[in-house]
Amino acid sequence: MKAPITKQPDLAVKADQQGLSPLLRAISNGHPDIADILVLGNASLDYQDKSGNTAITLAITRGYLSLAETMILKGASINQENKDGWTPLRFAVEMSNTPAAKLLIRAGANINHADQQGLTSLMSMAMIGDVEMVKLLIGLRAEIDQTNREGNTPLIFAVKNGHAEVARILITENGKADQANDRGNTPLIAAALNDRATVVQLLLNAKADFQLQNNNGDSPLYLATVHSRIEVIKLLIPKIIKHYLGYFDPYELFSRELNYIR
């Protein structure tokens, strides 16, 4: 039977020369059993190391899910930020640790917490294209259209980095296809600028407005033309013609050429 530490409070909270408390040291050195004893005693659960990380954060990064759960039950703060503004949940998400992410969110972790750059967990996963984690976060009700400091949404991050499947998921879950960032760039403008033809098609299918311009007055077609995004231009021109003429029938428009070829 584990004996709780009750006689030596200084032992449970005093930091060593590296700034680690006994609990943090036990976790860092790979001793979850000792850490468990300290947690059951009077160890300071929210003591932060020099980077601002708490014991629950270290437990998550080490994969000690049972220890993390015990700390939650003992009242550890699950929304404590480190110096970069990362919470335990952010670490779990970045490591694609689904069980830890679910544990923290169900315990009350702020799923929409933004770090010092204004990035949420969903934005980060959209940026790197982690489809399964994006699905998990959306399923647990992460804010789809939340913006960072530059006004970028998860959809814009997915588009800029060419993650078509993540973009499709966000659009399907009613992510705003025309929400612009602080520079006036919509997802469609970002897709055209970054030569993301597959995503352009997704956005056009979702009725994204190809007439919208950014703060410089640039439209998706203009940017695609200036930067020689040929495949994007091929997708945009039929939409534009159909919009202004009411139809687009290549066989009718180019009938003479087709007859000549035959």
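Just after helix α9, Arg 141 takes a positive phi of about 75 degrees; helices here are DSSP runs of H or I of at least four residues, strands are runs of E of at least two, and both are numbered from the N terminus. The model is predicted, so local features need pLDDT of at least 70 and side-chain atom pairs count only at pLDDT 80 or more, whereas totals for chains, interfaces and linings use all residues. Residues are numbered from 1 along each chain as its sequence is written, and side-chain values use heavy atoms, with hydrogens and water left out.

The mean pLDDT (the predictor's confidence in each residue, from 0 to 100) is 90 for the protein, and 87% of the residues reach 70 or more. Residues 5-11 stay under 50, and the model has 6 contacts for them beyond four places in sequence, a contact being heavy atoms within 4.5 Å. Where pLDDT is low, the predicted coordinates should not be read in detail.

The secondary structure comprises 17 helices and 0 strands. Of the 262 residues, 45% count as buried, where buried means under 20% relative accessible area, exposed means over 50% and partly exposed lies in between (1.4 Å probe, protein chains only). Among contacts with a separation of 6 or more, 65% join residues 24 or more positions apart.

Helix α9 (residues 131-139) has as its buried residues Met 133, Val 134, Leu 136, Leu 137 and Ile 138, and these pack against α6 (88-94), α7 (98-106), α8 (121-128) and α11 (164-172). Helix α4 (residues 55-62) is mostly covered, with 6 of its 8 residues buried, namely Ala 55, Ile 56, Thr 57, Leu 58, Ala 59 and Ile 60. The buried residues of α4 pack against α2 (22-28), α5, α6 and α7.

| Helix | Residue just after the helix | Phi |
|---|---|---|
| α4 | Gly 63 | about 85 degrees |
| α9 | Arg 141 | about 75 degrees |

The largest nonpolar core has 70 residues, and those with the most contacts inside it are Leu 23, Ile 27, Met 71, Leu 104, Leu 137, Leu 170 and Leu 203. Helix α11 gives the most to this core, with 6 residues. Such a core is a set of buried Ala, Val, Leu, Ile, Met, Phe, Trp, Tyr and Cys residues joined through side-chain atoms within 4.5 Å. Leaving out residues up to four places away in sequence, Leu 104 touches Ile 56, Ile 60, Ile 72, Ile 78, Pro 88, Leu 89, Ala 92 and Ala 109.

Thr 87 is found in the loop between α5 (65-73) and α6, and it counts as buried because its relative accessibility is 2%. When residues up to four places away in sequence are not counted, Thr 87 touches Ile 78, Asn 79, Gln 80, Glu 81 and His 113.

Asn 215 lies in the loop between α13 (197-205) and α14 (220-226), and it is exposed because its relative accessible area is 55%. Apart from neighbours within four places in sequence, Asn 215 is in contact with Asp 182, Arg 183 and Gly 184, and its side chain reaches the backbone oxygen of Asp 182 at 2.8 Å. Asn 215 and Asn 185 are 30 residues apart in sequence, while their C-alpha atoms are 7.6 Å apart in space.

Notes: Polar contact = N/O pair within 3.5 Å; in protein donor to acceptor, adjacent residues only side chain to side chain.
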